[in-house]
Amino acid sequence: MTDLSLKKPASGGRTCLAIILAAGEGTRMRSALPKVLHRIAGRSMLAHVLGAVEGAGASRVEVVIGPGRTDVAKEAATFSPSATTVEQTERLGTAHAVLQARPALEVGAEDVVVAYADTPLVTAETFARLRAPLAAGAAVAVLGFEAAEPTGYGRLLVEGERLLAIREERDASEAERAVRLCNAGLMAIRGDLALAILEAIGNANAKGEYYLTDAVEIAVARGERAVVVTAPEDEVAGVNDRTQLAEAERIIQTRLRAAAMAGGATLVDPQSVHLCADTRIGRDVVIEPHVVFGPQVEIADGVTIRAFSHLEGAKVASGSVVGPFARLRPGAVLGEGAHVGNFVEVKNATFGAGVKANHLAYIGDASVGAGTNIGAGTITCNYDGVNKHRTVIGEDVFVGTNSSLVAPLTIGDRAYIGSGSVVTDDVPSEALALGRGRQVVKDGWAKGKTKSR
C-alpha cells in the first residue's frame with residue numbers, strides 16, 4: 001500500500017533540534033485563520049513542515065508562535081505531541097524568533113535546523129541533505145535555489161564550495177544582483193556553535209531587526225565554513241497569499257498523484273483526482289476522473305473508485321467498487337468485494353464482505369453483515385432529533401427498495417424486508433417484515449376522472 005504522506009525516516013544517529021518559525025500574522029491571506037493553519041492536501045502548512053523535519057530525524061521540535069495563538073499550539077500538539085511551543089511576543093526579526101527557543105538551544109543538539117511553517121513543500125529528504133554538511137564539519141548550511149527570476153530574493157555569494165555571505169537585494173551591487181543562486185531562508189547550524197552565532201547577530205540595519213541571514217558572515221568571520229545545499233525552486237516556495245496557496249496545492253497534488261501511480265494505482269485522469277497527504281492506496285487500484293479523497297482514507301488492493309465520488313475517513317477493502325457519485329463519510333468501512341453505487345452515502349457504518357448498496361441509499365450508524373443487499377431508496381433513520389441510534393443488519397439480508405429502517409433496530413440473518421416498508425421493530429432471522437399499508441384496488445374508480453389523450 002502506498003502511503004502518500006511523503007515522509008521518510010532519515011539515516012544517521014546525530015541529534016537534531018528543529019525550530020519552526022510560525023509566528024507570522026499572514027495579513028495577505030485576508031483571513032481570520034492564522035496563515036500556517038491553512039491547509040494543503042488536507043493538512044495544515046504547519047503539519048507539513050512538522051512531518052518533514054521529523055522525517056528528517058529531528059529528535060526535538062520547537063515551534064515559535066505568536067502571542068496568544070493557542071490555535072497554532074493546539075495544531076502542533078495534535079500533529080506532533082512531542083513538539084513544544086514558545087511565544088515570540090515581539091517581532092524583532094528571524095534571528096530573534098529563533099532565540100525564543102533559547103532553553104532548547106542551551107540543552108543543545110548536534111544539529112540545529114531552522115524551518116518556516118509557511119514553506120510547506122520542503123521534503124524530509126531535503127531537510128536531511130541540509131543537515132548532512134554539519135556532520136562533515138560545516139558550521140552553517142543554507143538552503144538555496146536557482147531562481148528563474150531572482151528579483152526580490154537575497155543572493156547567495158559563493159567562492160568555490162564555500163558560502164561567503166547572503167546579500168539582500170537592496171544592499172547588492174550590480175554584479176551581485178546578476179547572481180541567480182538565491183536564499184530559500186532555511187538554515188542548519190552546527191549545534192556546538194548555534195547559540196554563540198545567534199547571540200552575535202546584531203540589529204544595525206534600517207529596520208532594527210535581527211536577521212538570521214547574518215549567521216553566515218558571522219560564522220565565516222570566525223574562520224568557520226558555510227555551504228549551500230540546493231533544492232528546486234518550486235519546493236522552497238513560500239505561501240503568503242491565496243494565489244500562492246493554490247500554487248502549493250497544485251505542486252503537492254502533482255507529487256501525490258505521481259506517488260500513487262508509482263505505487264501501482266491507475267489514475268485515469270490524474271489532474272482531476274484530488275488526494276490528501278495521508279491517503280493510502282494499494283496496488284491495482286483504479287481511480288476514475290473527478291474523485292476527491294479527504295483525510296484518513298485507506299484503499300486496499302484491487303479497488304475501483306468510479307467517477308465523481310468523495311471519500312473521507314473511510315477504509316475500503318480489496319475488490320470493492322465505489323461509485324460513481326458515491327460518498328463515504330468518516331467511519332465508513334467496506335469489506336472485501338463490497339459495492340457502493342451511485343448516489344449512496346455511507347457514514348459511520350461497516351459493510352461486511354460482498355454487501356451491495358448499488359443506488360440511492362443512506363446507511364448511517366449501522367453495521368451490515370456479509371452478503372446483504374440494500375435496495376434502492378433505503379435509509380437508516382439514525383437520528384431522533386436528539387440522539388443518534390444504531391442499526392444492526394445481519395448477513396444475507398434482503399432489504400427491499402424504499403425501506404426506512406428506524407433505529408435502534410436489529411435485523412437478523414437472512415431476513416427479508418418487503419419493499420416500501422417502515423421497520424420500527426426488530427426482525428428475527430429468516431423472517432419477512434412488511435411495514436406498509438395494505439393496497440386497496442377499486443375497479444372503475446378512475447373512469448372519467450382522467451383526461452383523454
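Let's start in a loop: Pro 324 sits between strands β21 (321–322) and β22 (327–328). Helices here are DSSP runs of H or I with at least four residues, strands are runs of E with at least two, and both are numbered from the N terminus. The bond leading from Gly 323 into Pro 324 is cis, and its omega is near 10°.

Before going on, a word on what you are looking at. This is a predicted model, where local features need pLDDT of at least 70 and side-chain atom pairs count only at pLDDT 80 or more, while totals for chains, interfaces and linings use all residues. Residues are numbered from 1 along each chain as its sequence is written, and side-chain values use heavy atoms, with hydrogens and water left out.

Most residues other than glycine have a negative phi, and most peptide bonds are trans. Pro 408 belongs to the loop between β30 (404–406) and β31 (409–411).

Then there's phi. Ala 41 isn't a glycine, yet its phi is positive, at about 55°. You'll find Ala 41 in the loop between β3 (39–40) and β4 (43–44). Asp 284, also not a glycine, has a positive phi near 55°, and its loop runs between β14 (280–281) and β15 (286–287).

Are these two buried or exposed? Buried means under 20% relative accessible area, exposed means over 50%, and partly exposed is in between, using a 1.4 Å probe and protein chains only. Ala 41 is buried, with a relative accessible area of 1%, whereas Asp 284 counts as exposed at 61%.

**Pockets and a cavity**

Now for the empty space. Rolling a probe the size of a water molecule over the atoms shows where such space is left. The search runs on a 1 Å grid over the protein atoms alone: a cavity is a set of points where a 1.4 Å probe fits but cannot get out, a pocket is an open set with protein on both sides within 12 Å along at least five of seven lines, and lining residues have an atom within 4 Å of a point. Points are joined across faces, edges and corners, and a volume is the space filled by probe spheres set on them.

| Space | Volume |
|---|---|
| Largest pocket | about 1500 Å³ |
| Second largest pocket | about 250 Å³ |
| Second largest cavity | about 30 Å³ |

The largest pocket has 41 lining residues, with Lys 35, Thr 94, Tyr 116, Asp 118 and Asn 240 nearest its centre. Two or more of the lining residues come from each of β2, α3 (94–98) and β11 (181–190), and β11 gives the most, with four. By class, this lining has 16 nonpolar, 14 polar and 11 charged residues. Here Ala, Val, Leu, Ile, Met, Phe, Trp, Tyr, Cys and Pro count as nonpolar, Asp, Glu, Lys and Arg as charged, and the others, Gly among them, as polar.

Around the second largest pocket there are 16 lining residues, and those nearest its centre are Arg 39, Gly 42, Asp 278, Pro 295 and Gln 296. Helix α2 (residues 70–79) gives the most to this lining, with three residues.

How many cavities of 30 Å³ or more are there? The count is two. Lining the second largest cavity are residues including Cys 16, Val 53, Phe 127 and Arg 131. Both β2 (16–22) and α5 (124–135) supply at least two residues of that lining, which divides into seven nonpolar, one polar and one charged.
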